Amino acid sequence: MPIVERELSGFVLPADAPKAGATVTSFTLVGGSKASSAGFTYTLTFPLGNALKILLTGPNRPAPPHDNVVLRAAPLEFKVVALDAAKSIATLAFPLAASPLDGAAKTREIRLDWSDSILLDVWEKGASGAYVRVLGDLPARSYALTSHGIMRHWWIERDNLHLGLGEKAGPIDLTARSFQIHGTDAACYDTFEGDPLYKHTPYLVSTPRAKPGVSDPVSSYAIYHASNSVGQWDLGRHHDDPWGYFKTYIQDYGGLEEWVLLGKGVKQVTRTWAEVVGRPKLVGRDWLGYLASGMGLGESDEPIAQELLAEWPALCKKYDIPCSAIHFSSGYTVGDDGNRYVFTMNTKRYPDFKGLLGTLHKQGIKVVPNIKPYILATHPQFQGLYDANALFLNKQIDSPVVTRIWSSGVGVSAKGSWSDLTSKAGREWWRAGVQSLIDLGVDGMWNDNNEYYLHDDEFLCQNDLEHEVAVAAAPGPAAVGLVGRMFNTEIMGKVSHDTLVKNNPERRPYVLTRSANVGAFKYANSTWTGDNETSWKNLRGSQPIQLNAGISLMQSTGSDVGGFGGPLPTPELFTRWVQLGVTHARFCIHAFKPTPDDPSGASCTNLPWMYPEVLPAIRDAIKWRYEYLPYFNSLMWDSHTDAEPTNAWLGWGEFANDPALYTPTVLEGFDAWIGAGRLLSVPALFEGELVRDVYLPKASADDDSLYFDLHAPYGRHAAGTTARVSTPLEHMGLLAREGAVIPVGKNYHTVTQLSGPARTTIDGVDIQLESEGGVVGLDDYRGVQIFPSPKPGKTYIGTWTEDDGISADPAKAVVEVSYTSGADIEVAAKWVDSAFKPLWGKTLHILLPFGDRRTVKGAKAVALGDRVAYLVAVQ
């Protein structure tokens, strides 16, 4: 790789520069007569009180085109505290208006020096009154030009944790490693070694490790680059004297749009980033249950796939496995030559596709079909797209790009082209294809194989957009390297989303995407970690990927349970993967494991009932997921409104100041929150692991809370200690923290309303209820698990959110439960919002911890299986 690093220097103040003491909305430097590269402009603004934006542009380095930022607020005013033009230094105060997103309430300032290269440091006033540096540029090596883009260097806080970057291989701490910022079809990747994977997320968080006796740590910060161009991050892996260790970001094309976000901790920084790029979209309730896969079964020619898939509800009933949805892989598009032709239908395998959907819908199973944004040269619509300039252009030969793309089996490719969705013809083709599937009755879109890994950044896209974007490229065809390959991924999501909304505006659209840039999640509300491979190692690595994805606002995600590729998992490995998968925001069992004897994979795929000896454990795990579905639904509301990840790193929020969480044993472990501060997931991810040692996080130095083991022998353990919990093959480890409020429901598939979108699918089919001979029940029971201290006088408050799970603009019910410990437990419940009317009415079944012999004061006791519940009315 050629080395091009041309440091920018020679900046000066413009003629209209502000004076010291002035209040301004921007601060600008321009290239002077001695500039190393003429014509560059450097501008600082504060879009938020805790967010700094840097824009660096110049000849052949335009502002990076993108639509990754939704924040459109005018920049805030800030003060030029000091300015010495002769010395080329200035001090700029952060805006006086404290950001409610910050949480730190600290006075901060920028110290800027442009006497050589630009040098920007951020300082803040600590509890002692002295200023400490939060982050800073690398002296004499801060902003440089590469062949077509920009290179940045900063000091690295080598003792900090570095988190985020989207979907990156474990462990969770990214320090001393390097990463590519783009996506590829990384089939059968290693969850600890693979890079890149599927997502393009140039968002890095740096947070200090907690230390004993330090009550006022320096703030956390994030650096976000809004470009869609390919990039690289090096986090102290590279060492180069005289600078020593540092961190580096390289962006292959365009100028720089850099955001620096500051906050008390990772939680506050992540919430701030959500304000910049948009909070996660709300996921429908039915996509939170068990999601099945039709891959394998859907590839079968004999018996035909439709017959196998039509039997799916009966199989689920036979084995007592609830199921909410099924993914139809691209086998329905396979032509006579064995290749896949998107938006076509194999009528031999599927003679009545619409009828099949009706059969599944009647049993409460929604359907999402796989669609791919490329088109084989033998596709019946290929020539039309070719002629309409709906494909990328190779300007070297002035002809549309034709390349090799995946076409059928493992490792099999054929000639074809990626559709250019920046072209009007490309979007119209995609819109028509999505519409054709909606007309058949599908419930969402599964945007797959959408990394757009074109092999030349100089290929041209049409850049003919019909919607306004945050930063537009210059009119006319543009280089893919500048616009970014995954801008097409984003547009693919937009067209899928918008077409679903146009057809069913009353329903929450469901768009699942394998690849994504940041902007794609304005339209897609769910993703997964791609085509993993079956192994114990990859099972373990799926957990840190999940946690960094959550920090990066991919908060409805999960892995292919059991492994997509490779051999079938052993019974033990499969059981442990299911037990981990049911704790993740998205739970899907998905695989493609063709064999020489069965290239379709129909006879060799991951199924809940494939091992009779572990079926009871698999069933219990899946039913646990359904029992806790009200809780997961509420967690998705927390994600949507507050950017709270369903699966959170142990140091999230108030737990960040616990020094024990930064020790290698805990940090490199696999425990995680399911809703921070409420449920603690303690998975068994090593073969033969029948017990687990788990550290129990403390929220403060004097935290005396208990953790309640939810499995026999139902032990109680103090925060700040390490406990040993049982993890036989029958269950994972799971603990609840004192003070938690956990809503639960029935342990199988239910509907939230008797009529309307929650009951009737888009093709007009009413879900068959238990009372009508079906397997789907009513969501007419609400239990609430509470965990009071044995010590008297401690009061706790918790809330959760309910809705119908499908409406585009849903009415909500928000319930607040408060309880106080004592000889008996005092419990009160009230509506915070009562616009939604749940089928369970206003009656809560309060459940005390196993072994707690106290009662709920004034409440009627009723038997609930082998437990006692106490009835409390919501007021």
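Reply: Helix H9 (residues 536-551) and helix H10 (residues 571-581) pack with their axes 10 Å apart and at an angle of about 5°, where axes are lines fitted to C-alpha atoms, for helices over the stretch in contact, and angles run from 0 to 180 degrees between N-to-C directions. H9 is therefore roughly parallel to H10, a term for angles under 35 degrees, while those over 145 count as roughly antiparallel, 65 to 115 as roughly perpendicular and the rest as oblique. On the H9 side the contact (heavy atoms within 4.5 Å) is made by Trp536, Asn538, Leu539, Ser542 and Gln543, and on the H10 side by Glu572, Leu573, Arg576, Trp577 and Leu580. These residues divide into 5 nonpolar, 3 polar and 2 charged, with Ala, Val, Leu, Ile, Met, Phe, Trp, Tyr, Cys and Pro counted as nonpolar, Asp, Glu, Lys and Arg as charged, and the others, Gly among them, as polar.

The model is predicted, so local features need pLDDT of at least 70 and side-chain atom pairs count only at pLDDT 80 or more, whereas totals for chains, interfaces and linings use all residues. Residues are numbered from 1 along each chain as its sequence is written, and side-chain values use heavy atoms, with hydrogens and water left out. Helices (H or I, at least four residues) and strands (E, at least two) are DSSP runs, numbered from the N terminus.

Elsewhere, helix H8 (residues 486-503) is mostly covered, with 14 of its 18 residues buried, that is, under 20% relative accessible area with a 1.4 Å probe and protein chains only. Strand S7 (residues 78-84) and strand S8 (residues 89-93) run antiparallel and are joined by 4 bridges, pairing being assigned if DSSP finds at least two bridges between two strands.

Key
Buried < 20%, exposed > 50% of the residue type's maximum accessible area, 1.4 Å probe, protein only.
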